[in-house]
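Here is a short briefing on charged side chains. Look over the sequence and the structure first.

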Amino acid sequence: MYRHKSVGQIKDFVFRLSRTEGVMRGFNFFLGIGVLNVLIWANKVYFEPKFGVPKKEAAKKELEEKDRIAKETLFFNRFGAPTRPHKSLDDLLVFLAGSWTYDQLADFISYNNAMDINMDQQKGLDSWMSEEDRRMLERYQAQQKKKSH
């Protein structure tokens, strides 16, 4: 007789508001994702840096080491892009381990003039390139960095 019924009243209100269980589950799913994103953001912004900084520095050094190994072992075309990372499984793993290799390949693929010249070279139409032409991808990357989005 003296039982507390506010929890049941809240449940009844929520069920009447949403009318089906599917809507409630979907709402809870997206609410959970939102709360998780807020917690991740708060952790990055308000977390004490003395715990995260050494790990970030170690990860940065490890990534630089992997990029150095990639520069030494992978095949690079005339523009300086790793266009054959699938030559062997070892090369593929070295390519996937670094971040610089992704950047170089993505810039090379996104630059239309470089791709046109590469296709001509594959067809045997162009066998000589000056040093200015070889620096074409570097100039494109510098131009892309200047753009603000």
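Is Arg68 buried, partly exposed or exposed? Arg68 is partly exposed, with a relative accessible area of 37%. Here buried means under 20% relative accessible area, exposed over 50%, and partly exposed in between (1.4 Å probe, protein chains only).

This is a predicted model: local features need pLDDT of at least 70, side-chain atom pairs count only at pLDDT 80 or more, and totals for chains, interfaces and linings use all residues. Residues are numbered from 1 along each chain as its sequence is written, and side-chain values use heavy atoms, with hydrogens and water left out.

**Salt bridges**

- The whole structure holds 4 salt bridges (a side-chain nitrogen of Lys or Arg within 4 Å of a carboxyl oxygen of Asp or Glu).
- Arg68 pairs with Glu72, with the closest N and O atoms 2.6 Å apart.
- Both Arg68 and Glu72 sit in helix H3, 4 residues apart, about one turn of the helix.
- Salt bridges with shared partners link Glu65, Arg68 and Glu72 into one network.
- Lys66 and Glu62 also form a salt bridge (3.3 Å, N to O).
- Arg25 and Glu21 meet in another, at 2.6 Å, N to O.
- Arg25 is exposed at 57% relative accessibility, while Glu21 is partly exposed at 44%.

**A buried charge**

- Asp67 lies in helix H3 (residues 49-73); helices are DSSP runs (H or I, at least four residues), numbered from the N terminus.
- Asp67 is buried yet has no salt bridge.
- A polar atom of the Asp67 side chain lies 3.3 Å from the backbone nitrogen of Trp100.

Note on methods
Helices (H or I, at least four residues) and strands (E, at least two) are DSSP runs, numbered from the N terminus. Lys and Arg count as positive and Asp and Glu as negative; His and the chain ends are not counted. A polar contact is a pair of N or O atoms within 3.5 Å; within protein, one must be able to donate a hydrogen and the other to accept it, and residues adjacent in sequence count only if both atoms are side-chain atoms.
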